[in-house]
Amino acid sequence: MARRKSSSRGSKIQPAQLTMQFKLTNTGNANYAFDTIDLSKCASALNRRFYRQGIQWAVAGFTILSKGTGNVTVQKLPNTWMCSNSWQKTFSAWNRQQMDSVEEAGALSAVSKFRDFKILMDEFHHDKVVFDGAGNPIGVDDLSPIDISGTAVFPGEWQPSQIIIPNFGAPGVNYDPLLMMVGDNVGGAGGALGMIRGYQASRSVPQSPDPVSPDIGNSANWFQAMFDVGDNNEDLMDNATIKNDDLPYNQLEYPGGGSNMPYLETVDESYITGSTVGGRTKLSGSTFPCGLIRIRNQSDSDDGWDTNLKLFVHLVPGTHRGYLCEPMTEM
């Protein structure tokens, strides 16, 4: 029998663009500008390959090219179990609702080929959703990668996901909100539901303080009497059983929900001055849930900052179609 040749195809890293360049926006002197990058969306357009949003992306770091003075902040979805569980529970409900309907209709073959669960970061991201004339979301105005000439890559379809809440307020009335991870709900037509806020509302509340302790001073408690060698035992027992019997975190509100730190996690921030060598600033990388990145920048003066601010995102090569990524289910 001929000897089989070993194959390393399974571990081969596919070619993929590892540096993405963006032109940041700015609203003028002393004002903050907020830009969002969806790495899965960008990688799909650049590599002509479908990357689902439900993955975590490893980013090696960021480079800012600037002119003038100001500051730049990089933020991401919170790297917490609340964020992870909120994503998984919302995804499961979204998928189940659709597949139950499809299976009931016997239309599994009609499911969209590029059907994907796509969320928003927060209310600022929700403000960038683009709607058609009928009020249907058709895309999100995120940053697109550019080339050396400043021309953006041609986009494809990238629609944010919605859920359907039937009989909303009245029989026969459906509500189809978008989904965003951090912050309070955004009401009205085209609104959005906070995923961490919703997950918080779906869970039981931990008990606080601890369950009531037994009456340690009871005469029937002979375990205490064994070591009662003085008149200070009660004080010692109070010290052990009463202090620190409350939760070390808020009982009701999750971080990232509607009222407890309803903002993104900050990865890094840098102040850029006239002494910045070559107008080049480095910012730390991180792991970005759903590949969503928020860039906030603010200029100190109208000295060309708004027309000369560029961002380079440096990605990490890996086995997920060329990138180092892992599913959100493993967060």
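Is D100, at 40% relative accessibility, buried, partly exposed or exposed? D100 counts as partly exposed, where buried means under 20% relative accessible area, exposed means over 50%, and partly exposed lies in between, with a 1.4 Å probe and protein chains only. The model is predicted, so that local features need pLDDT of at least 70 and side-chain atom pairs count only at pLDDT 80 or more, while totals for chains, interfaces and linings use all residues. Residues are numbered from 1 along each chain as its sequence is written, and side-chain values use heavy atoms, with hydrogens and water left out.

**View 1. The protein as a whole has six helices and 15 strands.** Helices (H or I, at least four residues) and strands (E, at least two) are DSSP runs, numbered from the N terminus. Of the 331 residues of the protein, 37% count as buried. Among contacts with a separation of 6 or more, 74% are made by residues 24 or more positions apart, a contact being heavy atoms within 4.5 Å.

**View 2. The largest nonpolar core has 27 residues.** A nonpolar core is a set of buried Ala, Val, Leu, Ile, Met, Phe, Trp, Tyr and Cys residues joined through side-chain atoms within 4.5 Å. At least two residues of this core come from each of β1 (19–23), α1 (39–47), β3 (55–65), β4 (70–76), β10 (280–289), β11 (292–299) and β12 (310–315), and β3 gives the most, with five residues. I37 and V313 have the most contacts inside the core; when residues up to four places away in sequence are not counted, I37 touches F22, C42, L143, G291, L292, I293, I295, L311 and V313. Another core, of 20 residues, lies apart from it and has L77, W87, Y199 and Y254 among its members. In soluble globular proteins, nonpolar side chains tend to be buried together.

View 3. R96, at 59% relative accessibility, counts as exposed.

**View 4. The side chains of D116 and R52 meet in a salt bridge, at 3.4 Å from N to O.** This pair links distant parts of the chain, since D116 is in the loop between α2 (81–105) and α3 (123–126), R52 is in the loop between α1 and β3, and the two are 64 residues apart. D116 is buried, with a relative accessible area of 10%, whereas R52 is partly exposed, with 41%. R52, D116 and K118 are linked in a network of salt bridges.

**View 5. A salt bridge joins the side chains of E265 and K76, at 4.0 Å from N to O.** E265 lies in strand β9 (residues 265–272) and K76 in strand β4, so the pair ties together parts that are 189 residues apart in sequence. K76 is buried, with a relative accessible area of 3%, while E265 is partly exposed, with 29%.

**View 6. D35 is buried yet has no salt bridge.** This residue is placed in strand β2 (residues 32–38), and the nearest side chain of opposite charge, that of K128, is 5.5 Å away; here Lys and Arg count as positive and Asp and Glu as negative, with His and the chain ends not counted. The side chain of D35 does make a polar contact with the side chain of T25, at 2.8 Å. A polar contact is a pair of N or O atoms within 3.5 Å; within protein, one must be able to donate a hydrogen and the other to accept it, and residues adjacent in sequence count only if both atoms are side-chain atoms. Leaving aside neighbours within four places in sequence, the contacts of D35 include L24, L143, I293 and N297.
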